[in-house]
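Hi,

Here is the structure I promised to pass on. Have a look at it first, and then read my notes below.

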Amino acid sequence: MEELPIRTGNDVVRVRQQVRAVAAESGLSLVDQTKLVTAASELARNALVHGGGGMARVDVVTSGAGKPGVRIGFTDDGPGIADVDQALTDGWTSGGGLGLGLSGARRLVDEFELNSKPGSGTSVVVVKWSR
Amino acid sequence: MERVPILKIGKTLFVSIQIDLQDESVMQLQEDLAEELAGTGAHGVIIDITAVEIVDSFIGRMLATIGSISRLFDAETVLVGMRPAVAITLTELGLSLRGVRTALNAEKGLALLNGSA
């Protein structure tokens, strides 16, 4: 659908707004919209802070059972994550934060897929289905 | 970057967040509040987040930090007006906002600060 750049703090806000608009349009409940937008905010910030900037792509998708949902893909060309399991642990942080960004974002969505290798950037795809 | 205004009413600083918060705005608010607390000797801070649609881990951490900073200036911080969807999401995210007091609305927050709640 639409590719959004993540280069500044203001871009993170724009990603949140776009996700909110698409989630509302797809019929997600207010709580589910809020969860998805919050997860998007965490992942967009990760792409900016740890990935040195990246892109977000927001799509409306349909499940096998015909339910609508919203899928967001984040990509960056940053240094990548050496230990993905460790990065997904509550409280583990590469510096400064609470270590809840990645692990918390995973809890807030229905599907979460992270691909990363040191030196080849990181991609995260999340989906939230309407109930 | 948009800036969040701080109002002083009596011994209380009142902050109502009406913008879509970007990280820089929250950090700026933290600095501005510390300056105001040092300059005015206010004893309480009320942060109204009625209009805030999401609080993620960064914003949450900054709000908690504002609470800690206020205490160093002998001031108490009360977070008021959290939306139900935000409360549910924050809890699931794993953020407890320990150290920050909360109240349902600004009126109750003020009563809490004045010891009459």
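Before the notes, one term: a salt bridge here is a side-chain nitrogen of Lys or Arg within 4 Å of a carboxyl oxygen of Asp or Glu. Also keep in mind that this is a predicted model.

With that rule, chain A and chain B have 5 salt bridges between them. One to look up is the pair A:Arg45 and B:Asp56, where the closest N and O atoms sit 2.8 Å apart. Polar contacts turn up too: 10 residue pairs across the interface of chain A and chain B, with both residues at pLDDT 80 or more.

Which parts of chain A supply at least two residues each to the side that touches chain B? They are helix H1 (9–25), helix H2 (30–49) and helix H4 (101–108). H2(A) gives the largest share, with 9 residues. Sorted by class, that side of chain A holds 8 nonpolar, 10 polar and 6 charged residues.

As for the interface as a whole, 24 residues of chain A touch 21 residues of chain B. About 1,900 Å² is buried between the two chains, and carbon and sulfur atoms account for 55% of that area.

Now for the sheet in chain A. You'll find 5 strands in an open sheet, in the order S1-S2-S3-S5-S4, with antiparallel pairing. Strand S1 (2–6) and strand S4 (111–116) of chain A are at the edges with a single partner strand each, so one side of each has no neighbour in the sheet. On average, neighbouring strands of this sheet are turned by 15° against each other, ignoring direction.

Going through the pairs:

- Strand S2 (residues 54–62) and strand S3 (residues 68–76) of chain A are antiparallel, with 9 bridges. A:Ala56 has A:Phe74 in S3(A) as its bridge partner. The hairpin of these two strands has 5 residues between them, and A:Gly66 takes a positive phi near 90° there.
- S3(A) also runs antiparallel to strand S5 (residues 122–129) of chain A, joined by 8 bridges. Here A:Val70 is partnered with A:Lys128 in S5(A).
- S4(A) pairs with S5(A) over 6 bridges, again in the antiparallel sense. A:Leu114 and its bridge partner A:Val124 in S5(A) belong here.

One last thing to find on screen: H1(A) lies across S1, S2 and S3 of chain A, and runs at about 155° to S1(A). H1(A) is also among the helices on the side that touches chain B.

Cheers

Note on methods. Residues are numbered from 1 along each chain as its sequence is written. Chains are lettered from A and ligands numbered from 1 in the order in which they are written. This is a predicted model: local features need pLDDT of at least 70, side-chain atom pairs count only at pLDDT 80 or more; totals for chains, interfaces and linings use all residues. Side-chain values use heavy atoms; hydrogens and water are left out. Contact means heavy atoms within 4.5 Å. Buried area is the accessible area (1.4 Å probe) that two parts lose on being put together, summed over both. A polar contact is a pair of N or O atoms within 3.5 Å; within protein, one must be able to donate a hydrogen and the other to accept it, and residues adjacent in sequence count only if both atoms are side-chain atoms. Helices (H or I, at least four residues) and strands (E, at least two) are DSSP runs, numbered from the N terminus. Ala, Val, Leu, Ile, Met, Phe, Trp, Tyr, Cys and Pro count as nonpolar, Asp, Glu, Lys and Arg as charged, and the others, Gly among them, as polar. Two strands pair if DSSP finds at least two bridges between them. Axes are lines fitted to C-alpha atoms, for helices over the stretch in contact, and angles run from 0 to 180 degrees between N-to-C directions.
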